[in-house]
Amino acid sequence: MDGNELKIKGPQRMQGELLVQGSKNAALPILAATLLGDGIFILHHCPRISDVEHMLELLTDAGCQTYWEGHMLIVDTRNFHNHCVFGYGAGKMRSTVTLLGSILGRMRQVEIPYPGGCTIGKRPIDLHLKGLEQLGAVFVHQEHTLKGSTEKLHGANVYLDFPSVGATENVMLAAVLAEGTTTIHGVAMEPEISALASFLREMGAKIKGDGTPVIVIEGVEKLRAAEYIIPSDRIVAGTYLFGTLMTRGEVRLLHVPVAHLGGIPRMLEKMGAEVKMEKDWICVKMERQCRPIPYIVTAPFPGFPTDLQSVLMAALVTASGMSFIEEKIFEARFQTAQELRKMGAVITCEESFALLEGNAKLCGAQVEAKELRGGAALIMAALAAEGDTCIRGMEYVQRGYEDINGDLKKLGIVL
Ligand code: UD1
């Protein structure tokens, strides 16, 4: 097997127990936050995925040292001195942008290449910049890099026009060391925001209101190093839960903060699955054809996550009737539809709407992942499909899934 492709013979049933990996979207801003304190940080349950490796290259570029011991990551920021990060990973990853807030907060100047990431839409950074400007930062747009500086960051009232996850994180990262109080209105309420807030509090920051629409931060002079356990990845958990539903399997996921799943367990039930859960595990069993969902719209947390929209789509094409999805967060997130069609799905997309006919008998095909979550959806579809599927573009999937082949094997899949 070529490292960039995965071959699956279907149909296969997902069955078994799995400990879910640490969260990508929690780990990345937390790594950016380490630059705000001087010392040795210890992060447990950190996912060993390519996006994290790229972020570590950037921290190394900035003067830090990093080591892995299994899933424990040690970050030594005592030699952090460089406000310009141009490492190989910088332009590849959307989260490079969260370094704006933390490097500005600590060094009062920053220079980064324009952020990359998945090709799922325009993904501007205007809200990040506007928020940081309100705290006293000034930005200069250069041909390939973005340069920011400030004499001193100060507290302010920041209003976000949309609850952007990244913009909320960036303003939080800049505000913790700013002088005075910052109140951020209209923030994202995703669980990763609370993870970042908890981590910053461990470092000595004064933050209140995470998990609500208004966050209040009282700036402190200095932050210290901290030890923290990264929460498990709710999107990886969701991928395998929908995969279980599609393959009529039975899976128990362990070490899952079930509260982070929002409405997903309810959605699985509506689609016909049997769901049992406690605070930190969830068990799903499916024995019938999936039921359709007449209308579902992606929305900021606690709404249905855009990151699971492709895998939901893959599940619903096989449902016993028609479903309708509206994608409200990222305009280019229906790229997976084209690949699912090659496997027999009947999907009509127009702008941000997708109409799924249902009753598709999925069959193996040559398909290509165009982005991270879409790639995972194709893998789940391949498990449910009759015959051989070859999924190319696995490098996208590796951005967020530490060892999807290993996970699938633990869940009884033969690869
Ligand atoms: C984060 C997640 C990503 C998830 C997304 C939405 C990380 C590393 N990535 O991405 O997996 O899909 O949240 O839950 O945590 N927008 C603007 N201007 C801005 C910023 C955002 O218009 O300055 C728009 C975006 O184009 C998009 C929407 O706001 O339409 C949501 O984006 P945002 O919440 O910022 O997502 P990310 O932080 O990029």
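Mentor: Two strands are said to pair if DSSP finds at least two bridges between them; strands (E, at least two residues) and helices (H or I, at least four) are DSSP runs numbered from the N terminus. The model is predicted, so local features need pLDDT of at least 70 and side-chain atom pairs pLDDT 80 or more, while totals for chains, interfaces and linings use all residues. Residues are numbered from 1 along each chain as its sequence is written, and side-chain values use heavy atoms, leaving out hydrogens and water.

Let us begin with the open sheet, in which four strands follow the order β9-β10-β12-β11 with mixed pairing. Its edges are β9 (157–159) and β11 (206–208), each of which pairs on one side only. Three bridges join β11 to β12 (residues 214–218) in the antiparallel sense. In β12, V216 is the bridge partner of K208.

We turn next to the aromatic rings. Rings of Phe, Tyr and Trp (its six-membered ring) pair when their centres lie within 6.5 Å, and planes under 30 degrees apart are stacked, over 60 edge-to-face, the rest tilted. F41, F199 and Y228 form one aromatic cluster.

Burial comes next (buried: under 20% relative accessible area; exposed: over 50%; partly exposed: in between; 1.4 Å probe, protein chains only). F41 and F199 are both buried. F199 counts as buried because its relative accessibility is 0%, and Y228 is buried at 14%.

Finally, consider the nonpolar cores (buried Ala, Val, Leu, Ile, Met, Phe, Trp, Tyr and Cys residues joined through side-chain atoms within 4.5 Å). The largest holds 73 residues, of which M172 and L200 touch the most other members. Helix α1 (residues 24–34) supplies the largest share, seven residues. Beyond its neighbours within four places in sequence, L200 is in contact (heavy atoms within 4.5 Å) with A33, L36, M172, L173, V176, A205 and I207. Another core, of 71 residues, lies apart from it and includes I8, M14, A314 and A376.
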